[in-house]
Amino acid sequence: MTQTADQPAQTTSKVDSEQHKADQRIERERSEAGERAERKQAQRERGDDAAPRCLVFGASGYIGSHLVPRLLDEGIAVRASSRSRAVLEARGWEGVECIAADALDPASLDQALAGIEIAYYLVHSMAAGKDFGRLDLEAAANFAAAAEQAGVKRIVYLGGLVPDDAESEHIVSRRDTGEVLRRGSVPVTELRAGIIVGPGSAAFEVMRDLVYHLPVMITPRWVQSKSPPLALDNLLMYLVRLPQIEAAESRIFDAGGPETLTYREMMRILAEVGGHRPPLIIPVPVLSPRLSAYWLRFITAVPTNIARALIGGLKHDFSADDAELKRLVPQQLLGFREAVEAVFTAERESAPVVARWIEGAFAVRQQRIDYAYYAKRAGGSAQTSAPPSAVWEVVSRIGGDDGWYYMNGLWQLRDLLDRLAGGPGGQHGRRHPTDLRVGDRIGSWSVIGLVPERRLSLAFGMRAPGAGMLEFDLEPRADGGTKLSITAYWHPAGVWGLAYWFSFQPVHQFIFSGTARAICQRAETLGDSKSRTKSVD
């Protein structure tokens with residue numbers, strides 16, 4: 001009787017408590033937004049906008065691409081650097097100075113570091129394969145020397161948690177990179193983090209792919225290893241605040257979330273938050289992390305070299321001694337479930353339409369959290385003396401009376417297979433034989449973006465387990481010619497999505513290269529024809 005009578009009061013109290021917490025969060029967010037606006041205004045008054053003093057080196061990577069907009073929100077002028085300036089400019093960061101530089105090319109570092117006070121070092125070479133450890137140390141040595149010469153006041157390096165018995169190349173390389181950076185005269189603040197819970201984090205995406213691709217997993221014992229996963233937002237707060245704290249200079253900090261979980265527990269929570277049945281996980285002692293890494297390319301879309309490097313270190317238990325860090329940068333740390341919910345919420349609130357392929361874009365993945373974040377890709381390219389205008393004229397006619405210019409029989413066969421599977425096949429023609437607009441259909445493809453004489457982006461419209469895109473990129477050459485690249489991107493849905501990709505992979509390489517060559521040849525013929533016409537006139 002007493003319990004029944006008290007229940008409504010307890011429920012009301014809980015609701016009031018949750019409402020109070022929500023009100024506090026809203027008030028805090030308003031306050032932070034006001035502070036950012038004040039910092040931006042003060043910066044404009046000082047005339048600082050034209051002189052970035054903060055460099056994000058590795059800005060095209062996972063952490064860098066999230067850190068840049070966070071720094072901008074804080075009113076901090078940013079210079080962003082990666083090996084490709086075009087990739088950075090495609091991000092659309094307003095007011096950011098973009099520059100190409102490579103830590104393995106010392107000559108390229110001077111311009112990137114000129115006038116910089118704080119330099120974030122966020123690069124690693126895991127994608128390079130088995131030689132990445134040596135490349136990491138060489139890059140760090142080059143950067144430390146260039147930073148010293150440029151008069152940089154502090155380097156902020158994001159490393160990884162290091163267990164006492166560390167032996168995997170990935171963990172050792174991240175640790176040693178920090179040591180090499182510290183050999184220079186520029187003070188280094190190193191932040192060591194474990195698994196980052198955010199869209200695009202390699203470790204998180206490996207788990208996402210495993211959870212949503214396999215109903216049953218026969219796994220190594222590493223699923224029982226423990227780690228303190230850290231939410232992306234919490235990590236970014238640490239990275240933004242630490243350079244502003246004098247006591248953080250020349251120090252190493254561990255960063256972890258509020259709970260330590262096994263990978264098995266994390267995958268169960270990941271499935272539950274996504275409304276998916278947790279997979280049946282069967283640990284097998286004979287499967288070592290090294291052995292299991294070899295079949296990852298068939299299970300996950302995360303780049304194979306990166307996934308293998310990460311898996312190699314999963315046999316360790318990780319812990320974070322983060323008391324001092326939490327004292328210097330107090331914030332509310334998200335638990336793993338909250339962090340995963342934040343990931344899915346951020347994805348669902350992202351732009352519903354994109355004009356070109358962007359790694360992990362939710363719109364490209366058809367608004368499906370269970371579609372792989374990273375894409376499998378294949379492509380081909382060719383070069384021609386014809387100008388971009390002539391190449392574009394040929395590209396913009398694709399799928400019309402002349403078909404796809406190369407191996408039309410294979411394109412028609414694929415359309416037939418799609419119709420037999422219940423898809424639209426090639427029943428859609430073209431609205432106009434030469435003119436293209438966003439929203440047009442070209443066979444089973446739809447135009448989602450175009451920049452005349454520069455790029456055509458097509459979304460895949462056939463019935464298949466995943467989401468795909470096909471892009472034609474035209475790059476002007478210095479001699480007036482053009483380099484044409486054709487790239488297919490595929491975000492697989494589960495093992496069937498991966499099986500679909502691998503079944504067509506043998507065809508992709510030569511069909512895209514052949515198509516690029518055929519388009520370039522037609523562009524040259526078109527140019528010659530126009531030249532002859534002008535001569536006759």
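**Entry 1: the nonpolar patch**

I began with β8 (216-219) and β13 (280-283), each of which supplies at least two residues of a nonpolar patch. The model is predicted: local features need pLDDT of at least 70, side-chain atom pairs count only at pLDDT 80 or more, and totals for chains, interfaces and linings use all residues. Residues are numbered from 1 along each chain as its sequence is written, and side-chain values use heavy atoms, with hydrogens and water left out. Helices (H or I, at least four residues) and strands (E, at least two) are DSSP runs numbered from the N terminus.

I listed the patch members as Val-216, Ile-218, Leu-280 and Ile-282, which together have about 340 Å² of accessible area. Accessible areas come from the Shrake-Rupley method with a 1.4 Å probe, and for residues only the protein chains shown count as cover. A patch takes residues with over 30% relative accessible area and no salt bridge; like charges are joined within 9 Å, and nonpolar side chains (Val, Leu, Ile, Met, Phe, Trp, Tyr) within 5 Å. A salt bridge is a side-chain nitrogen of Lys or Arg within 4 Å of a carboxyl oxygen of Asp or Glu.

I looked up Ile-218, which lies in strand β8. Ile-218 counts as partly exposed because its relative accessibility is 49%. The classes are buried (under 20% relative accessible area), exposed (over 50%) and partly exposed (in between), with a 1.4 Å probe and protein chains only.

**Entry 2: the whole chain**

I noted 16 helices and 19 strands in the protein chain. Of its 537 residues, 49% count as buried. The accessible surface comes to about 25600 Å², and 51% of it belongs to carbon and sulfur atoms.

**Entry 3: the parallel sheet**

I traced an open sheet of 7 strands in the order β3-β2-β1-β4-β5-β6-β11, with parallel pairing. β3 (97-100) and β11 (252-255) stand at the edges with a single partner strand each, so one side of each has no neighbour in the sheet. Neighbouring strands are turned by 20° against each other on average, direction ignored. Two strands pair if DSSP finds at least two bridges between them. Axes are lines fitted to C-alpha atoms, for helices over the stretch in contact, and angles run from 0 to 180 degrees between N-to-C directions.

I checked β6 (residues 188-193), which pairs with β11 in the parallel sense over 4 bridges. Arg-192 stands opposite Asp-254 in β11. Arg-192 is also in a network of salt bridges with Glu-179, Arg-182 and Glu-190.

α2 lies across β1 (54-57), β2 (78-82), β4 (118-121) and β5 (154-160), at about 160° to β1. The buried residues of α2 (residues 62-73) include Tyr-62, Ile-63 and Leu-67. Just after α2, Gly-75 has a positive phi of about 80°. α8 (residues 232-241) lies across β4, β5, β6 and β11, at about 170° to β6.

**Entry 4: strand β19**

Is β19 enclosed or open? I found 10 of the 11 residues of β19 (residues 482-492) buried, so the strand is largely enclosed by the rest of the structure. β14 and β19 run antiparallel and are joined by 9 bridges; β18 (residues 466-476) also pairs with β19 in the antiparallel sense, over 11 bridges. Ala-488 in β19 is the bridge partner of Ala-378 and stands opposite Leu-470. β18 and β19 form a hairpin with 5 residues between them, and Gly-480 in the turn has a positive phi of about 95°.

**Entry 5: salt bridges**

I found 28 salt bridges in the whole structure. Arg-365 and Glu-347 meet in one, at 3.2 Å from N to O. Arg-365 lies in the loop between α13 and β14 and Glu-347 in helix α13, so the pair ties together parts 18 residues apart in sequence. Arg-365 is buried at 0% relative accessible area, and Glu-347 is buried at 5%.

Arg-377 and Glu-359 meet in another, at 2.8 Å from N to O. Arg-377 is in strand β14 and Glu-359 in the loop between α13 and β14. Arg-377 is partly exposed at 45%, as is Glu-359 at 23%.

**Entry 6: positive phi**

Most residues other than glycine have a negative phi. I noted Gln-367, with phi near 55°, in the loop between α13 (336-348) and β14 (376-384). Tyr-405 has a positive phi of about 75° and is found in the loop between α14 (388-395) and α15 (408-420). Gln-367 is partly exposed at 42%, whereas Tyr-405 is buried at 10%.

How values were computed
Contact means heavy atoms within 4.5 Å.
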